[in-house]
Amino acid sequence: MFARKASRRSPVALRDRHGRRPIRSALTGAGLPDPDSRASRFENDARGAVELLQREFAAELEGVHIGFMTVPLGPEGTSGNPEFYAIDRAKQSIMLFRMPIQRARVLHVDDAEHRRYFVEHCVYRAVCEYLGREPWDLLPGRFDHY
């Protein structure tokens, strides 16, 4: 009886949505975690450094648990400086804190490469402190450019 008239909406009308932004979702979808999130980047960078040190010092780090937390749970240190990691020799554990490391303002160039270097630096410092060694003794040649 009635013929439906094909409505052709203008591109502006499709984008407008009554003053709201268009609906956009991540490529991974709403149900999947973002593979390039700050947490996953930190964990990937830190795990790479941890695996390197565990391969190089398998005997000295045997039984040592190296884990990651978002922030320290206890009260802040008395120094006023952010706490990047915590060492517990009695429990044989090293805990790295993601947010203080990622929010540190010590980078002279704030790009992905330097952020990755700083994450690795914090892992090395934590392992050095646990083992009671200096970074240049732990991995000879790694810190020659400093």
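1. Contact here means heavy atoms within 4.5 Å. By that criterion, helix α4 lies across β1, β2 and β3 in this predicted model, running at about 20 degrees to β2. Helix α2 lies across β1 and β3, and its direction is at about 170 degrees to β1.

2. The mean pLDDT of the protein is 80, with 70% of its residues at 70 or more. Among the elements, strand β3 (residues 93–97) has the highest mean pLDDT, 95, whereas helix α1 (residues 11–16) has the lowest, 52. Where pLDDT is low, the predicted coordinates should not be read in detail.

3. The three strands form an open sheet in the order β1-β3-β2, with mixed pairing. Strands β1 (65–69) and β2 (85–88) each have a single partner strand and stand at the edges, so one side of each lacks a neighbour in the sheet. From one strand to the next, the twist averages 15 degrees.

4. The pairing of β1 with β3 is parallel and extends over five bridges. Opposite Leu96 in β3 stands Phe68.

5. The largest nonpolar core comprises 26 residues, of which Leu53, Leu96 and Ile101 touch the most other members. Two or more residues of this core come from each of α2 (38–56), β3 and α4 (112–131). The greatest contribution is that of α4, with nine residues.

6. Leaving aside residues up to four places away in sequence, Leu96 touches, among others, Phe42, Ile66, Phe68, Phe84, Ile101, Cys122 and Ala126.

Key
Residues are numbered from 1 along each chain as its sequence is written. This is a predicted model: local features need pLDDT of at least 70, side-chain atom pairs count only at pLDDT 80 or more; totals for chains, interfaces and linings use all residues. Side-chain values use heavy atoms; hydrogens and water are left out. pLDDT is the predictor's confidence in each residue, from 0 to 100. Helices (H or I, at least four residues) and strands (E, at least two) are DSSP runs, numbered from the N terminus. A nonpolar core is a set of buried Ala, Val, Leu, Ile, Met, Phe, Trp, Tyr and Cys residues joined through side-chain atoms within 4.5 Å. Buried means under 20% relative accessible area, exposed over 50%, partly exposed in between (1.4 Å probe, protein chains only). Two strands pair if DSSP finds at least two bridges between them. Axes are lines fitted to C-alpha atoms, for helices over the stretch in contact, and angles run from 0 to 180 degrees between N-to-C directions.
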